[in-house]
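I opened this entry to keep track of what I looked up, item by item, while going through the model. My notes follow the order in which I checked things.

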Amino acid sequence: MKILIMGPPGAGKGTIAEMLQENFDVVHLSSGDILRDAIKENNPLGMKAKAFMEKGVLVPDEIIIEIMKEKINADAFVLDGFPRNLVQVKKLEDADIKIDIVLNLQVSEETVISRISGRRICAQCGKIYHLKNMPPKKEDICDVCNGKLYQREDDKPQTIKERLNTYREQTEELVKYYDEKNILENIDAGGNKETTYDKITGLEWLKKRKYKSKAGL
Ligand code: AMP
């Protein structure tokens, strides 16, 4: 099962992909997380990507492709954040990696801005919080591991707009591309994560698939 999850920044791709990984035998592959890990590890490709990420624009294709080609080796995955333009789509196809279904998470711009600006992340374990919708019990401290919460540099207001523009200008055309291939499912993701997740697990495509499910769904 090869799933691609799409949607603008703040649509909840990472959260939903984590829920799918928890309940089904799929690996969550987030290009953004992979890049952030590469930066933490002082990986030279990560260091080249850093300035682009901070500006909210796409990292050059040759860098992201080099990083992702090592990572996309599982039989069953949820790809999140890659591909982000048609050059990257072509790379996947050239490598004979065939996406079965594309989940397109749809949310209003207002929701996206509110979600991103309130997002906080644990520096230690990566758990995602939201100041209003999912606040930690203790201010700025992770409920799970007591790590300190931080705001992603590119979640700050000046960069959010740039990321949304980048999405509209370069990534949104993939929605049309996959729709024409008849593998696109539009999902209303404006509600809470459980509602969105239920819509996905209720899809006929997913119900018909016979694969090992940890949750017995
Ligand atoms: P994300 O966590 O998916 O919002 O990604 C954070 C940032 O990483 C983006 O704003 C881009 O700068 C960079 N990035 C992630 N995935 C890609 C990709 N497939 N192509 C180019 N840049 C990417």
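Predicted model: local features only at pLDDT ≥ 70, side-chain atom pairs only at ≥ 80, totals over all residues.

**Buried charges and their partners**

Next I followed D155 to another partner, R163, and noted a salt bridge whose closest N and O atoms are 2.8 Å apart; R163 and D155 are both buried. R163 also forms a salt bridge with D154, where the closest N and O atoms are 3.7 Å apart. I checked the accessibility of this second pair against the cut-off for buried, which is under 20%: R163 counts as buried because its relative accessibility is 11%, and D154 counts as buried because its value is 10%.

Which residues are linked in the network of salt bridges? I listed R119, R152, D154, D155 and R163. For the structure as a whole I wrote down 12 salt bridges.

**The sheet that holds β5**

I turned to the strands and found an open sheet of 3 strands in the order β6-β5-β7, paired in the antiparallel sense. Strands β6 (128-130) and β7 (149-150) are at the edges with a single partner strand each, so one side of each has no neighbour in the sheet. Between β5 (residues 119-122) and β7 I noted 2 bridges in the antiparallel sense, and C122 stands opposite L149 in β7.

**Around the ligand**

How many residues surround the ligand? I recorded 16, and the closest are S31, R36, V57, G81 and Q88. Helix α2 (residues 31-40) gives the most to this shell, with 4 residues, and by type the shell divides into 7 nonpolar, 4 polar and 5 charged residues.

R152, which I had already listed in the salt-bridge network, has a polar side-chain atom 3.2 Å from an oxygen atom of the ligand. Taken alone, the ligand exposes 480 Å², and the protein buries 96% of that.

How values were computed. Residues numbered from 1 in each chain as written. Heavy atoms only, no water. Pairing = 2+ DSSP bridges. Salt bridge = Lys/Arg side-chain N within 4 Å of Asp/Glu carboxyl O. Buried < 20%, exposed > 50% of the residue type's maximum accessible area, 1.4 Å probe, protein only. Near = heavy atom within 4 Å. Polar contact = N/O pair within 3.5 Å; in protein donor to acceptor, adjacent residues only side chain to side chain. Areas by Shrake-Rupley, 256 points an atom, 1.4 Å probe, with all protein chains shown as cover. Nonpolar A, V, L, I, M, F, W, Y, C, P; charged D, E, K, R; others polar.
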